[in-house]
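Open the model in your viewer and keep the selection tool ready. We will go from one stop to the next.

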Amino acid sequence: MKPPTTPPARLVHDDPATTHEFTMQFTSTPRGARLARRLVSHRLHEWGHPYDSTANETITLIAAELVANAVRHGHVPGRDFHVRLTASPVALRVDVTDTRTERRPSLVLPPVPVDEESGRGLILIDALATNWGISPRTAAPGKTV
């Protein structure tokens, strides 16, 4: 896990007086993951981070990787995943919560063999995020990444 740092200026929310929050529950399917990714990008655009901005592209990519992992590795039949996006005066943050407690990603990322088709999502998140981690879900079984 990366140590907490000040986010780069390009990822800081522009309006110092406003904090925005978007939360929504999605079906744990590829379609739900695609919708979550699109809504994250749309909300960021509405909050003053245009679609082609570094902040929008970075946070949308991080959200896409997190929701893909929630669908692929955190899926419990009949349970959905939850996305929370916040824009504060100091940072943009995206949290994805699923209901699978026993499958927690490792904070120590192993090298991925070059011939593997998957397994690079957390490497991308680690490279793009100022800080990331895992915490237990507070109200029910599961985790938030």
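Select Phe26: this residue is buried, because its relative accessible area is 3% (buried means under 20%, exposed over 50%, partly exposed in between; 1.4 Å probe, protein chains only). Now pick Phe81, which is also buried, at 1%.

This is a predicted model: local features need pLDDT of at least 70, side-chain atom pairs count only at pLDDT 80 or more, and totals for chains, interfaces and linings use all residues. Residues are numbered from 1 along each chain as its sequence is written, and side-chain values use heavy atoms, leaving out hydrogens and water.

Show both rings. The structure holds one aromatic pair. Phe26 and Phe81 form it, stacked, at 5.6 Å centre to centre and 25 degrees between the planes (rings of Phe, Tyr and Trp, its six-membered ring, pair with centres within 6.5 Å; under 30 degrees is stacked, over 60 edge-to-face, the rest tilted). Phe26 sits in strand β1 (residues 20-26) and Phe81 in strand β2 (residues 81-87), 55 residues apart (strands are DSSP E runs of at least two residues, helices H or I runs of at least four, numbered from the N terminus).

Next, select Ile59, Phe81, Val83, Leu85 and Val94. Of the 29 residues in the largest nonpolar core, these touch the most other members (a core is a set of buried Ala, Val, Leu, Ile, Met, Phe, Trp, Tyr and Cys residues joined through side-chain atoms within 4.5 Å). Helix α2 supplies the largest share, eight residues.

Last stop: colour the open sheet. Its five strands have the order β1-β2-β3-β5-β4, with antiparallel pairing (strands pair if DSSP finds at least two bridges between them).
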